Amino acid sequence: MSPASKPLLEIKDLRTQFFLDEGVVSALDGIDLTVFEGESIGLVGETGCGKSMTALSVLGLVPHPGKITGGSVKFRGIELTKLSEEQMRGIRGAQISMIFQDPTSSLDPVFTVGSQIGEVISLHQEVYNKSALKKKVIDVLNLVKIAAPKTVIAQYPHELSGGMRQRVMIALALSCSPSLLIADEPTTALDVTIQAQVLSLLKDLVARVGSSMLLITHNLGIVAETCDRVCVMYAGKIVEESPTTELFDSPRHPYSVGLLKAFPKPGERAEELSAIKGTVPNLMNLPPGCPFAERCERAMDKCREVKPRMVEVSLGHRVACHLFDKEGDRGDG
Amino acid sequence: MADLLSYIIRKMILAIPVVVAATVIVFLMLYLTPGDPIKSIVPPRAGPDVYEQVRDKYGLDRPIWEQYGLFVWRAVHGDLGNSITVWQGTSVSKLIAMKLPNTLMLMGLGLAISYSIAVPLGVISALRQNSWIDRGGMVFTLIAYAMPPFWLGVVFLMIFAVWLNLLPVEGTTGGLGSLILPAMTLGVGNAALTTRMMRSSMLEVIKQDYITQLKSRGLPGREVIFKHALKNALLPVITVLGLDIGWFVGGSVVVEEVFSWPGIGELMTSAIYNHDFPLVQGSILVLAIAVILGNLMADILYAWADPRVRLG
Amino acid sequence: MMASKILNSKLMSWKMSGGTREQVAGLIERSNKNIMVKIGLAIVFAIVLIALLAPVLPMKSPLIRYTDSVFDGPSSEFWFGTDELGRDVFSRVIWGSRVSLLVGTVAVLFSLTLGLTLGLLAGYFGGKVDYMISGIIDIFWTFPTFLLALALAAALGPSLTNVIIAIGVSYWAGYARLVRGQAFTIRERLFVEASKALGASHTRIMFTHVLPNCLAPLIVWASIGVADAIVVESSLSFLGIGTQPPDPSWGYMLNSGRRFLDFAPWIATFPGIAILVTILGFNLFGDGLRDVLDPRLKGLRR
């Protein structure tokens with residue numbers, strides 16, 4: 001990825017909120033994220049920090065009672081938040097695809113694999129001839145390295161193994177060669193032995209099709225293997241963004257530091273796995289300052305009062321933390 | 001398709017003990033009646049030679065399992081005895097064969113009416129939760145459910161036949177016009193139950209991951225709902241189709257009485273009233289078997305619709 | 001009010017005590033917020049009260065025929081009018097509630113006992129016992145219940161007692177399945193092993209562990225069961241094989257009132273409304289309770 005690459009997806013200050021009887025939950029509190037053409041970005045964070053919600057917001061699939069309440073999502077320069085439902089449908093599946101976490105529950109159990117893949121292909125590529133469609137479906141299944149595609153076409157999701165189902169999901173997502181693939185925890189629900197296979201398949205295909213990938217996960221190991229850049233997310237905000245190797249070498253944000261400490265690296269002996277003290281803040285009642293301030297060992301008074309902004313600490317590496325915000329320092333700390 | 005066939009065969013085999021049990025229960029009914037069993041089978045004012053004949057034929061002096069065997073043997077050959085009071089002398093099976101189609105028509109139309117109301121109402125209620133349609137639908141189901149079929153039938157009778165003078169009060173003509181009121185009674189009553197089932201099932205389905213997945217592939221909302229969600233949501237509704245058939249049978253007995261519809265239910269009630277035991281016994285046996293068969297068909301329908309079931 | 005303060009503090013103390021009491025207390029709290037439960041309970045309460053107090057209420061006897069006032073419409077003297085024999089419809093409706101409630105509660109108790117016992121035995125002991133009992137449960141479960149009740153009532157002869165027996169025998173399978181399922185899951189749990197190791201007898205385990213877990217769904221079923229029983233009783237009486245005259249039964253009154261719909265509709269209507277309200281009350285209570293127990297089951301049929 002060179003600085004000259006065009007941005008494919010530009011998310012600026014995206015806010016998504018859920019309006020419940022008990023109060024308003026801010027799932028996304030101003031996200032900035034950019035995906036360039038041909039690159040794979042990892043989005044890491046713990047459960048509940050808003051990673052999946054980012055993906056759903058991009059695709060305009062935020063479930064009721066949630067809504068996008070601010071910010072912009074630009075795909076190839078087009079403002080997605082302002083598109084009509086019909087226009088969005090043209091983009092979903094064709095230009096931006098998503099793979100969900102649990103392959104068991106993500107496929108319609110009463111339709112065959114073949115008919116589900118065929119449905120997507122005929123929808124976006126307008127192929128209606130039965131035999132032509134069948135050929136395309138088989139091609140796609142071959143692409144994801146499923147053995148005996150002709151048998152699989154007639155099978156139902158419950159007849160396949162977990163790994164095969166995930167391959168089918170990948171096939172569905174890539175069937176129309178989207179420019180952007182969003183993969184939400186694609187290997188988490190799989191057996192450890194299968195995880196590596198599926199992951200490498202994903203990498204290959206993305207490279208082959210020429211898509212960009214937004215990989216959402218809580219597993220730093222996967223990120224290390226697959227992504228060019230990483231964004232770390234906490235309580236609905238991006239707190240650090242950097243090229244992968246640099247993040248692992250020198251994490252800046254105290255949360256990222258904590259994450260990496262808690263993550264045992266192969267070859268290193270971990271004396272003890274350290275956990276980050278404290279718990280995630282209540283998304284209904286976000287504190288005025290930095291959301292991590294309560295648990296941060298290096299928190300200053302300012303952190304509790306003023307939200308930090310993203311600052312560039314080195315080429316391509318940005319952090320949202322007062323510790324690195326020299327200009328924001330106005331007389332205290 | 002092979003797995004579907006083996007499922008069907010398995011289910012048919014499993015239905016056999018239930019049919020056997022039904023015959024046992026119906027057979028034993030004779031011994032529950034107070035007094036000497038023979039009195040129930042013999043026409044009133046019959047002479048001693050008739051008693052002899054009956055005693056012989058039914059083997060009333062023999063051990064009970066032999067009598068059961070004779071009973072089954074006769075039944076399989078279509079001999080369910082003769083009516084002793086209502087249609088004296090006529091073969092029970094002949095009477096039943098005459099009236100069964102009427103009951104089947106009634107149940108069929110009732111089923112159609114029920115599902116025509118329940119499926120759309122349930123789906124719309126689920127999609128527009130808490131809207132006035134949803135709330136109205138819930139009120140309707142609550143009230144209609146609290147009105148047993150005979151009461152609902154009387155109300156419809158009052159409204160349509162007496163006040164509005166729209167439809168005939170009695171069903172003796174047997175034409176379609178007189179079928180509507182009783183079928184509507186059954187249909188509306190059953191719709192009360194089925195609507196709630198449909199609604200909750202639909203609510204469950206639209207929360208599922210695969211629905212969001214389908215949307216993320218760009219499928220139009222209409223297709224997601226009607227092609228995918230609906231098919232999945234109908235599955236639990238089909239499972240209760242079997243229970244429904246039992247309800248319809250029970251309901252039609254009562255409804256036929258209210259509207260004097262000449263079906264098996266009406267036959268059975270007049271038989272009970274007139275102490276015509278062979279007729280009662282025969283009717284119940286046929287109805288019970290009809291329900292069991294109906295259950296079987298519902299099971300098969302379900303397996304056809306939901307491929308996951310065929311293995312189990 | 002003092003009473004609610006006392007109740008509240010009792011609830012609080014129960015909540016702290018853990019175990020069954022805590023569960024029940026939580027249940028009561030949530031039920032209080034559910035409007036269906038409240039309305040249902042209110043209706044049930046009112047009807048039970050009326051039924052119990054019928055003999056002492058200041059109204060006319062349901063059996064006396066006021067031969068001068070045959071087919072009279074509702075008036076200040078006869079609130080619901082008179083029927084074809086000159087009897088006071090109002091008092092007949094009130095007295096009819098006794099029949100319905102009697103049948104409803106006794107039949108349900110009958111089914112409950114039968115179903116509980118068999119279900120517990122089957123689920124707890126498993127193996128051959130379960131196999132045999134399950135077979136019987138399945139047969140009664142698939143056999144059309146109304147038909148069975150009808151057959152039994154017809155065979156035994158029309159009377160109130162026989163109706164109760166008929167309903168009781170036909171509807172027990174549902175309770176049995178419920179309890180059996182619970183017993184199955186419970187007996188695999190560790191605390192049952194622990195109890196056994198401590199020397200608890202089978203009966204004791206069944207009563208202290210299995211039953212409390214079934215309690216809530218059983219109440220739901222029982223409430224709806226009473227409603228069902230009333231439906232069956234009134235249907236059978238309507239057909240003439242249930243409660244016999246001159247005992248006032250709503251179903252019977254509806255049947256005899258049918259013929260006079262065009263000029264004396266009150267004879268059939270008021271019993272009908274009574275049936276409607278009663279069944280509605282029990283259903284609301286049962287349904288509301290089910291929603292409280294597990295909102296996911298909303299609208300599901302048993």
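Two residues are in contact if their C-beta atoms, placed from the backbone, lie within 7 Å. With that cut-off in hand, let us walk through the structure.

This is a predicted model, in which local features need pLDDT of at least 70, side-chain atom pairs count only at pLDDT 80 or more, and totals for chains, interfaces and linings use all residues. Residues are numbered from 1 along each chain as its sequence is written, while chains are lettered from A and ligands numbered from 1 in the order in which they are written.

**The core and Ala288(B)**

Leaving aside its neighbours within four places in sequence, Ala288(B) is in contact with Ala22(B), Val26(B), Phe143(C), Pro144(C) and Leu147(C). Ala288(B) is also, with Val232(A) and Ala149(C), among the residues with the most contacts inside the largest nonpolar core, which has 247 residues. Such a core is a set of buried Ala, Val, Leu, Ile, Met, Phe, Trp, Tyr and Cys residues joined through C-beta atoms within 7 Å. Buried means that 20 or more other C-beta atoms lie within 10 Å of the residue's own, with C-beta atoms placed from the backbone. Helix α4 (residues 89-125) of chain C gives the most to this core, with 16 residues. Helices (H or I, at least four residues) and strands (E, at least two) are DSSP runs, numbered from the N terminus. The core also draws at least three residues from each of domain 1 (2-76) and domain 2 (107-311) of chain B, with domain bounds taken from an automatic or database domain assignment.

**Two contacts of chain B**

The C-alpha centres of these two domains of chain B lie 32 Å apart. Their contact takes 17 residues from domain 1 of chain B and 15 residues from domain 2 of chain B. On the domain 1 side, α1 (2-32) and α2 (37-41) of chain B each give two or more residues, and the largest share, 13 residues, comes from α1(B).

Chain B also touches chain A, in a contact with 18 residues from chain B and 22 residues from chain A. Here α9 (209-216) and α10 (221-239) of chain B each supply at least two residues of the chain B side, and α9(B) has the largest share, 7 residues.

**α6(A) and β7(A)**

In chain A, 11 of the 13 residues of α6(A) are buried, so this helix is largely enclosed by the rest of the structure. Its buried residues pack against β6 (96-99), α3 (113-125), α4 (130-143), β7 (180-184) and α7 (192-209) of chain A. At 1.5 Å a residue, taken over one less than the number of residues, α6 (residues 162-174) of chain A should span 18 Å, and its end C-alpha atoms are 18 Å apart, which agrees.

The strand β7(A) has 5 of its 5 residues buried, so β7(A) is likewise largely enclosed by the rest of the structure. Leu180(A), Ile182(A) and Asp184(A) point one way, and Leu181(A) and Ala183(A) the other way. Strands pair if DSSP finds at least two bridges between them. β7(A) pairs with β6(A) in the parallel sense over 4 bridges, and Ile182(A) is the bridge partner of Met98(A). Another 5 bridges join β7(A) to β8 (residues 212-217) of chain A, also in parallel, where Leu180(A) stands opposite Ser212(A).

Methods
A residue is buried if 20 or more other C-beta atoms lie within 10 Å of its own, exposed if 12 or fewer, and partly exposed in between; C-beta atoms are placed from the backbone.
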